[in-house]
Amino acid sequence: MIKSLNALTWKELSAMDREQAVCLFPISALEQHGKHLPLGTDDFILAAALDGVRSDPRLAADYLLLPALHYGNSAEHLDFPGTISLSCATIVNIVEDILRCLAGHGFKKLVIINSHGGNSALFQAYSQEWQQRFGIRVYHINFFVSDFLSEAAPLLETPLSSDVHAGELETSILLHAMPEMVRREKIEGTDDVLITLQDYYSGWLSSEYTPGNGTIGLPTRATPEKGKTLLTYIQNKIVNYLFQIACE
């Protein structure tokens, strides 16, 4: 089962088999999500996903949930007020400080659960180095810019490659999980922006593609029903990954 690390005492933690325990580190972002979704959208989606995972009976091993990092690397959205972006160096330092402490206490597995695509390349680049330096296997469950959502593509009207930001998927999940957070009256046809990002250019800015808007996708296609199915999909995917990691 999943236990919150900050709710345990050091004696309770000391009694665990720390070599077999799996530490979970949620990381999201604080950034613009168009005119209709809140700045904390990635964070809210991640929290909703983990809420459905915590009591899943399939997770019988010891999983320790670390307090989340609510900020990420969001430089592409800095032209919009409210976006708070940590530098890559800052994020690396935070993760390395955590790994150093976990290694010192005998832990062997850390799973980064990441709900912001802008963090993805950083964790992929560093995971092997961290494992070699700290003796901890570093796993990366990444919602976006990966194959994580590939099997959910039929649930959406928007191609996954074009549902980049505050579009059908994210809007649908919040319409289901936190409908009070969605400014429905702000979802207009003019907010639909359908583009495909190029693999050879990662320096794009959301303000270039959607000036005065911030959305990259089709939020008008979002529904609470889709959101419920998508959230269940995400939760099951996380559970399957965590079960496999515990068995390794």
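**Strand order, helix packing and a tyrosine patch**

Biologist: Which residue stands opposite isoleucine 2 in β3?

Modeller: Tyrosine 63 stands opposite isoleucine 2. Bear in mind that this is a predicted model.

Biologist: Why are β1 and β3 called paired?

Modeller: Pairing takes at least two bridges. Three bridges join β1 to β3 (residues 63–65), so the two strands pair. They run parallel.

Biologist: What makes β1 and β5 edge strands?

Modeller: The open sheet has five strands, in the order β1-β3-β2-β4-β5, with parallel pairing. β1 (2–4) and β5 (137–142) each pair on one side only. Neighbouring strands are turned by 25 degrees against each other on average, direction ignored.

Biologist: Which strands does helix α2 touch?

Modeller: Helix α2 (residues 41–53) packs on the sheet and touches β1, β2 (22–27), β3 and β4 (109–114). Its direction makes about 155 degrees with that of β2.

Biologist: And which strands does helix α4 touch?

Modeller: Helix α4 (residues 120–134) packs on the sheet too, touching β2, β4 and β5. The direction of α4 makes about 165 degrees with that of β5.

Biologist: Why is tyrosine 209 called partly exposed?

Modeller: Buried means under 20% relative accessible area, and exposed means over 50%. Tyrosine 209 has 32% relative accessibility, so it counts as partly exposed. This residue is found in helix α6 (residues 206–209).

Biologist: Which residues make the nonpolar surface patch?

Modeller: Tyr200, Tyr201 and Tyr209 make the patch, which has about 370 Å². Patch members need over 30% relative accessible area. At 32%, tyrosine 209 therefore passes that cut-off.

Methods
Residues are numbered from 1 along each chain as its sequence is written. This is a predicted model: local features need pLDDT of at least 70, side-chain atom pairs count only at pLDDT 80 or more; totals for chains, interfaces and linings use all residues. Side-chain values use heavy atoms; hydrogens and water are left out. Helices (H or I, at least four residues) and strands (E, at least two) are DSSP runs, numbered from the N terminus. Axes are lines fitted to C-alpha atoms, for helices over the stretch in contact, and angles run from 0 to 180 degrees between N-to-C directions. Contact means heavy atoms within 4.5 Å. Patches are made of residues with over 30% relative accessible area and no salt bridge: like charges are joined within 9 Å, nonpolar side chains (Val, Leu, Ile, Met, Phe, Trp, Tyr) within 5 Å. Accessible areas come from the Shrake-Rupley method with a 1.4 Å probe; for residues, only the protein chains shown count as cover. A salt bridge is a side-chain nitrogen of Lys or Arg within 4 Å of a carboxyl oxygen of Asp or Glu. Buried means under 20% relative accessible area, exposed over 50%, partly exposed in between (1.4 Å probe, protein chains only).
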